[in-house]
Amino acid sequence: MTLLVGAVVGALGAIFARRGTSGDLERVNALEYADERDRTAATKGLAAVGVVALVLCTVQLVVHAVVDTDPVSRATAIALYFALVISWFAANWYFVRRG
């Protein structure tokens, strides 16, 4: 049920973002950038989400190290952590070299 509600809200957001009267927030949330200002706001927003994801994933990994959890959950947490760290390093390398 939660997945269905999320899909409906996402679809409504995309529909409202395509209207001529949509604001900056609606366009950025729907990934419908109208200009460079929207693109810059989206980049900063996604960067903030990435930082939060990396911090929360680190906390999750520490919890799995302290508390005895099931091996599948622990392996998933480790894989997610390394995927985030590797993609973070790769993105930093790419954008630093790109200038």
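Entry 1: terms and model. I begin with a term: a helix here is a DSSP run of H or I with at least four residues, numbered from the N terminus. I note also that the model is predicted.

Entry 2: the largest pocket. I looked up its volume, which is about 410 Å³. I then asked which helix gives the largest share of the lining of the largest pocket. That helix is α3, with seven residues. Both α3 and α4, the latter spanning 71-98, supply at least two residues each to this lining. In total, 13 residues line the largest pocket. Those that lie nearest its centre are Leu46, Ala47, Trp88, Ala91 and Asn92. I sorted the lining by class and found nine nonpolar residues, four polar residues and no charged ones.

Entry 3: salt bridges. How many salt bridges does the structure hold? I found two.

I took the pair Glu36 and Arg39 to begin with. Their closest N and O atoms are 3.9 Å apart, and a salt bridge requires a side-chain nitrogen of Lys or Arg within 4 Å of a carboxyl oxygen of Asp or Glu, so the pair qualifies. Both residues belong to helix α3, which covers residues 36-66. They are three residues apart, about one turn of the helix. Arg39, with a relative accessible area of 40%, is partly exposed.

I turned next to Asp68, which forms a salt bridge with Arg74. Here the closest N and O atoms are 3.5 Å apart. Is Asp68 buried or exposed? Asp68 is exposed, because its relative accessible area is 73%. Arg74 counts as partly exposed at 26% relative accessibility.

Entry 4: Where does Val9 lie? Val9 is placed in helix α1, which runs over residues 2-17.

Entry 5: summary. The lining of the largest pocket has no charged residues. The salt bridges pair Glu36 with Arg39 and Asp68 with Arg74.

Key
Residues are numbered from 1 along each chain as its sequence is written. This is a predicted model: local features need pLDDT of at least 70, side-chain atom pairs count only at pLDDT 80 or more; totals for chains, interfaces and linings use all residues. Side-chain values use heavy atoms; hydrogens and water are left out. Buried means under 20% relative accessible area, exposed over 50%, partly exposed in between (1.4 Å probe, protein chains only). On a 1 Å grid over the protein atoms alone, a cavity is a set of points where a 1.4 Å probe fits but cannot get out, and a pocket is an open set with protein on both sides within 12 Å along at least five of seven lines; lining residues have an atom within 4 Å of a point. Grid points are joined across faces, edges and corners, and a volume is the space filled by probe spheres set on the points. Ala, Val, Leu, Ile, Met, Phe, Trp, Tyr, Cys and Pro count as nonpolar, Asp, Glu, Lys and Arg as charged, and the others, Gly among them, as polar.
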